Amino acid sequence: MVGARRTRFVGTMFISRVRGFGRILFAAAKPETSAARAASSVAAHNPLEEFFEADRSKEDDKPVVYGRSWKAAELRLKSWDDLQKLWFVLMKEKNMLMTQRQMLHAQNLRFPNPERIPKVRKSMCRIKHVLTERAIAEPDPRRSAEMKRMINAL
């Protein structure tokens, strides 16, 4: 029972520190003038929020279950545009996780779900693999070379 209380306390402490650090960064990025506030929309979106996970309420005792990495067979069914969109979603997820991990490391805290980073990396590698397969299978050598340049730029 003591271990469960300690885990809940450490989890609460983690969430409060993450929220506190995020608020400091968000406050630094807010517009200074009232004219700028008036010009912004009611539901203003701060771009720095994308580097942090959404706040969870303290009452949530259920552990969050994260998904698996994408399989190459699933990615082969997707179009070029869908793969590109998925690449950028995974890139944002990776940046968010790495930011969170670095911030917690600086505060000597444990990163809660370290297995998420390899899942994202595997998915990104598999997207590159599928795109490379498509570039190799392209009959036109110029288009194939262009596709390979685009893939290497990712």
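This is a predicted model: local features need pLDDT of at least 70, side-chain atom pairs count only at pLDDT 80 or more; totals for chains, interfaces and linings use all residues.
User: What makes up the chain, helices or strands?

Analyst: The chain has six helices and zero strands. From the N terminus on, the elements run α-α-α-α-α-α.

User: How many residues of H4 are there, and what span is expected for the helix?

Analyst: Helix H4 covers residues 80–106, which is 27 residues. The expected span is close to 39 Å, at 1.5 Å a residue. From its first C-alpha to its last, H4 reaches 39 Å. After H4 comes asparagine 108, whose phi is positive, near 55°.

User: Which residues of H4 are buried?

Analyst: They are Leu83, Leu86, Trp87, Leu90, Met96, Leu97, Gln100, Met103 and Leu104. In general, an α-helix has 3.6 residues a turn, so residues three or four places apart point the same way.

User: Why is leucine 97 called buried?

Analyst: Buried means under 20% relative accessible area. Leucine 97 has 0% relative accessibility, so leucine 97 counts as buried. Leucine 97 lies in helix H4.

User: What does leucine 97 touch, leaving aside its neighbours within four places in sequence?

Analyst: Leucine 97 is in contact with Phe111, Arg116, Ile117 and Val120. Take the pair with arginine 116. Leucine 97 and arginine 116 are 19 residues apart in sequence. Their C-alpha atoms are 8.0 Å apart in space.

User: Why are glutamate 93 and arginine 116 called a salt bridge?

Analyst: The cut-off is 4 Å between a side-chain nitrogen of Lys or Arg and a carboxyl oxygen of Asp or Glu. Here the N to O distance is 2.6 Å, so the pair is a salt bridge. Glutamate 93 lies in helix H4 and arginine 116 in helix H5, so the pair ties together parts that are 23 residues apart in sequence.

User: What makes arginine 116 a charge over the ring of tyrosine 66?

Analyst: The distance must be within 6 Å of the ring centre. Arginine 116 lies at 3.8 Å from the ring centre of tyrosine 66. The angle must also be within 35 degrees of the ring normal. Arginine 116 lies over the face of tyrosine 66.

User: How many salt bridges does the structure hold, and which one involves arginine 76?

Analyst: The structure holds four salt bridges. One of them joins arginine 76 and glutamate 133, at 2.9 Å from N to O. Arginine 76 lies in helix H3 (residues 72–76) and glutamate 133 in helix H5 (residues 116–137), so the pair ties together parts that are 57 residues apart in sequence. Arginine 76 is partly exposed, at 42% relative accessible area. Glutamate 133 is partly exposed too, at 29%.

User: Why does the pair of glutamate 138 and arginine 143 count as a salt bridge?

Analyst: The closest N and O atoms are 3.8 Å apart. The cut-off is 4 Å, so the pair counts. Glutamate 138 is partly exposed, with a relative accessible area of 23%. Arginine 143 is partly exposed, with 45%.

User: What makes up the largest nonpolar core?

Analyst: This core has 21 residues. Those with the most contacts inside it are Leu75, Leu83, Leu90, Leu97 and Ile127. H3, H4, H5 and helix H6 (141–153) each give two or more residues to the core. H4 gives the most, with eight residues.

User: What does leucine 83 touch, not counting residues up to four places away in sequence?

Analyst: Leucine 83 touches Leu75, Lys78, Ile127, Val130, Leu131 and Arg134.

User: Why is serine 123 called buried?

Analyst: The relative accessible area of serine 123 is 1%. That is under 20%, so serine 123 is buried. Its place is in helix H5. Beyond its neighbours within four places in sequence, serine 123 is in contact with Ser69, Trp70, Leu75 and Leu90. Serine 123 and tryptophan 70 are 53 residues apart along the chain, yet their C-alpha atoms are separated by 5.1 Å.

Key:
Residues are numbered from 1 along each chain as its sequence is written. Side-chain values use heavy atoms; hydrogens and water are left out. Helices (H or I, at least four residues) and strands (E, at least two) are DSSP runs, numbered from the N terminus. The expected span of a helix is 1.5 Å times one less than its number of residues. Buried means under 20% relative accessible area, exposed over 50%, partly exposed in between (1.4 Å probe, protein chains only). A nonpolar core is a set of buried Ala, Val, Leu, Ile, Met, Phe, Trp, Tyr and Cys residues joined through side-chain atoms within 4.5 Å. Contact means heavy atoms within 4.5 Å.
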